[in-house]
Amino acid sequence: MTAAQVSDFPALVSEFGPAIQRVAASYERDQGLCEDLVQDIFTRLVARSGSIRNEAAYARRVARTVVADHHRKTAKEPRASEAAALNG
């Protein structure tokens, strides 16, 4: 991360933070996991900050992509109850 990206972080959080938190919370009820998703979203935004023409649209797209990626990943993992039934 460059110095410019670090200095852009507070501006990104103040501008997009509430909207990104709403998007993450609308898909994920677990507060801790929601915070992890928001952190991942901001990590991606900071990495590309300054090179995006429409930052608001890009922030929404990244938020939906991160949440969808998480759900795809967790859908492939067996749930604890399913694993217990298989091992039981």
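## Ground rules

Residues are counted from 1 along each chain as its sequence is written. Because the model is predicted, local features need pLDDT of at least 70 and side-chain atom pairs count only at pLDDT 80 or more, while totals for chains, interfaces and linings use all residues, and side-chain values use heavy atoms, with hydrogens and water left out.

## Helix 2 from end to end

Let's start with helix 2, residues 31-48.

At the start of the helix, a side-chain oxygen of Asp30 comes within 2.9 Å of the backbone nitrogen of Gly32. Just after the helix, Gly50 has a positive phi of about 90 degrees.

## What's tucked inside

Helix 2 buries Cys34, Leu37, Val38, Ile41, Phe42, Leu45 and Val46. Buried means under 20% relative accessible area, exposed over 50%, and partly exposed in between, using a 1.4 Å probe and protein chains only. Leu33, also in helix 2, is partly exposed at 24%.

The largest nonpolar core has 16 residues. Such a core is a set of buried Ala, Val, Leu, Ile, Met, Phe, Trp, Tyr and Cys residues joined through side-chain atoms within 4.5 Å. Leu12, Ile20, Ile41, Phe42 and Leu45 touch the most other members. Helix 2 gives the most to this core, with seven residues.

Definitions and conventions:
Helix = DSSP H or I, 4+ residues; strand = E, 2+ residues; numbered from the N terminus. Polar contact = N/O pair within 3.5 Å; in protein donor to acceptor, adjacent residues only side chain to side chain.
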